[in-house]
Structures are given as C-alpha cells and as structure tokens.
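Please keep the sequence and the coordinates at hand while reading.

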Amino acid sequence: MHFVGFHPAYKYTDVGRTDLATLENARVIAQQKGMSYVYLGNTYEANLNDTNCSKCGATLVERYGLQANIVNLDDHSNCTECNQPSPIQFPLLASQQQESTQSENVDLKHKFEIQWNEECQSAHVLQSVGTGFKDTLRIRSLGTNRVMDKSLANGLDRFIISRQSIDEMGVIVSWDSSAQYENIALLDRAHFPTSPEEQPISLAAL
Ligand SMILES: [Zn+2]
C-alpha cells in the first residue's frame, strides 16, 4: 500500500498540495491497523518511499522518484537479514535500466538540459518529428556521475525520466541521430502531463 500526495492541476487547482505530515500520519495509521509494506509516493523524502521487511524492518525496495532498487532480498524474495518471506515479485528487475560505463561520460551531438526543481522532478522526453524512430539517447546526470544510455525502439516515441537522487540537479539529454526531441515537465511523478497549458520547455540546444 502506498499513499500519494494530491497536487493541484488541470481544473482542480483551488485545493492545495497534501502536506507531508498528513501523508506520514496516514502511513502510521495504516501500520497501526496491521498493514505491512506501507510507503509514501511522490514525496522525495529519504526512507519514506521504501518498502521494509515486515519482521525486522530492513529495507527491501529502495525508491527515489521513479527509480526502484531491490535490496536485502534473496532469489526467493526472502529478507536477507532475517529470512522473512515477502510477496515481492522479481519482474521489477526487468524494468531496471542499463547504466553505461564511466568512460562514456561524453555528451552526444545534439542535446538539451532539464533542471529539476521542487515542482518538476520528472519529465517526458519525446520525439517531436515522426514517431517511433529507433534511437539511443544518453542521459547524463548533473551533480552525480551517473550516465545512462536509453534505447527507443518498437514504435516507442517517448520515455519518462525522473530525478534519481537528492544530489542530482538536472540532466543533459543528448543524441547523435537526426531525430528531434523535446521535453515536457511533469508535476510530481504523474505519468502524463496533466495540464492542457503545458508546453515543451528548455528546447534550446545548449
Ligand atoms: Zn527482515
């Protein structure tokens, strides 16, 4: 179970954001009622987004933004600290993206920058001309050493990118092909742009 904070968007803008204390309180109530694996979504606060072992409290799934990493689980989904079984399914591993090596820490021919801020910690990157052009884009983190190559294939023309850690200030997205890309900022970690007024941002090449 996870609790996700409301944020004002589209036609429902006269109500404020859910504050963190309300979400934390909901989590505590659920735990007191006997729920296991209760965590918060779209908060970007350390530890509150994680799934913990129901017996010993060890972190089993570590989350930040849209990133989820399995830790302290063996191949049978048991806690490696206390051997408690968990219902966590491993297909999650299949969605983990491949990170390229440090030696490829060089931007490609075309690029744009996305800066993270309190309102925007994820964005859609999409092909603005044509659709489903098979391509590889490089995502270089600003503020950390992470570099990731992301492939677009099988008709996909967009992907979502999100802030990976608190020390990541933004990303540089770069590519070599003749395809054109734009990005659309997303509020919190909503999967789709929620406002009709939203326009692509930061399109100028650096
Ligand atoms: Zn445990």
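Two residues are in contact if their C-beta atoms, placed from the backbone, lie within 7 Å. On that basis, among contacts in the protein chain with a separation of 6 or more, 62% join residues 24 or more positions apart. The model is a predicted one, in which local features need pLDDT of at least 70 and side-chain atom pairs count only at pLDDT 80 or more, while totals for chains, interfaces and linings use all residues. Residues are numbered from 1 along each chain as its sequence is written.

Read from the N terminus, the elements follow the order β-α-β-β-β-β-β-β-β-β-β-β-β.

Strand 3 is joined to strand 4 (residues 59-64) in the antiparallel sense by two bridges, and T51 lies opposite V61 in strand 4. The hairpin of these two strands has six residues between the strands, and G57 takes a positive phi near 85°.

Strand 4 and strand 5 also run antiparallel, joined by four bridges. Across this pair, Y64 stands opposite Q67 in strand 5. Two residues lie between the strands of this second hairpin, where G65 in the turn has a positive phi of about 60°.

Turning to burial, 20% of the 206 residues of the protein chain count as buried. A residue is buried if 20 or more other C-beta atoms lie within 10 Å of its own, exposed if 12 or fewer, and partly exposed in between, with C-beta atoms placed from the backbone. A nonpolar core is a set of buried Ala, Val, Leu, Ile, Met, Phe, Trp, Tyr and Cys residues joined through C-beta atoms within 7 Å.

The largest nonpolar core has 13 residues, of which A123, V125, L137, I139, I161, V171 and V173 touch the most other members. Two or more residues each come from strand 6 (110-115), strand 7 (120-127), strand 8 (135-142), strand 11 (170-175) and strand 12 (181-187). Which residues does I161 contact, leaving aside its neighbours within four places in sequence? They are S122, A123, V125, I139 and V171.

Conventions:
Two strands pair if DSSP finds at least two bridges between them.
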